[in-house]
Amino acid sequence: MSASLNSCPVLSALLIDISGTLLVGTAPTTGAARALARLRAARVPFRFCSNTSKESTQEICRRLAEASIHVLPGEVWTSVGALKGVLKDAGVRRPYTLLSPSARAECLGIDPGTTNDHSQDNSIDPYDAVVVGLAPSVLDYEHLNTAFRILVGEHENEKRRGDPSSLSSASVTTQRPPLIALHKARYIQASDHALSLGPGPFVAALEEASGTRARIVGKPTKLFFETVVKSFGDDTLSLALTEMVKGTVTSDGGGKDGSEAGRRGRIAVIGDDVSADLGEGAVELGLWRVLGESSIHSLFISPFTSPFTPSIPSTCACAC
């Protein structure tokens, strides 16, 4: 529904999507840089949250700078960056990655100049995970079929480990490698402003064929949003998040019991995709969700108050 001034709560921080909200391809959306400058002037904390998996976090920061969008250290949070921690925590040592070279280098912690395609990998060690992002050059039948075979224990490296006659029983009794996806967006907006396939359909195909459910590491998972919110390093924001989960913060930003936590305001997430940017975790955590029409310029931030109350015209829709 369309949001009015009276229906929006006092907000204490923003989580802002990049692709389709700040940038479309390499071009900034109208008024994006100006809106961010006003946020900084008002000392409103915010983080950039991106599911972009075609490139590394460093390349995303470079694109933002080229679009005259100034980024400070620690402000950009990506699914590629989150993946590195997920692989480490899961003990994954040798993932089969359907990623761009720069994204693969970041998640594996290697020099971008040394990363290569799996076709150049001569190791006979089996892969212990399959990782899928948006990498058009490798989302073809050959690579997807290799990923499928790894997931079901039929990859040639797995067969080299033992007696071929025992493969059938081994594939059943041995724990299967996990399928990890940076996100499951069905489509994205390309630089020509037309829709293009996202990684979601390819992840879904692997899930269906292998009988495996993918673990999602980026938006809109609860863990991703929680991790970003904690980066603010402010007790007020942490308490506000806790109070939202408990349901003690009302839509006008005040607590049902008039508590200080309610008056501190809510955290908003802004994006252009109601599912990939504003779904699941954003709903679970009670974030104030703002759906923009490929821009944030229509989100007017008062430079005189913090926490602040946004006025959102009909070009944006809100759901609490």
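Predicted model: local features only at pLDDT ≥ 70, side-chain atom pairs only at ≥ 80, totals over all residues.
Glu66 is exposed at 56% relative accessible area, while Arg62, at 41%, is partly exposed; buried means under 20%, exposed over 50% and partly exposed in between, using a 1.4 Å probe and protein chains only.

The whole structure holds 6 salt bridges. In another of them, Arg40 pairs with Glu75, with 2.8 Å between the closest N and O atoms. Arg40 belongs to helix 1 and Glu75 to the loop between helix 2 and strand 5, so this pair ties together parts 35 residues apart in sequence. Arg40 is partly exposed at 28%, whereas Glu75 is buried at 7%.

A further salt bridge joins Asp277 and Lys219 (2.9 Å, N to O). Both partners lie in loops, and the pair links parts 58 residues apart in sequence. Asp277 is buried at 5% relative accessibility, and Lys219 is buried at 2%. Through shared partners, Asp17, Lys219 and Asp277 form one network.

Residue numbers start from 1 along each chain as its sequence is written. Local features need pLDDT of at least 70 and side-chain atom pairs count only at pLDDT 80 or more, while totals for chains, interfaces and linings use all residues; side-chain values use heavy atoms, leaving out hydrogens and water.

Methods
Salt bridge = Lys/Arg side-chain N within 4 Å of Asp/Glu carboxyl O. Helix = DSSP H or I, 4+ residues; strand = E, 2+ residues; numbered from the N terminus.
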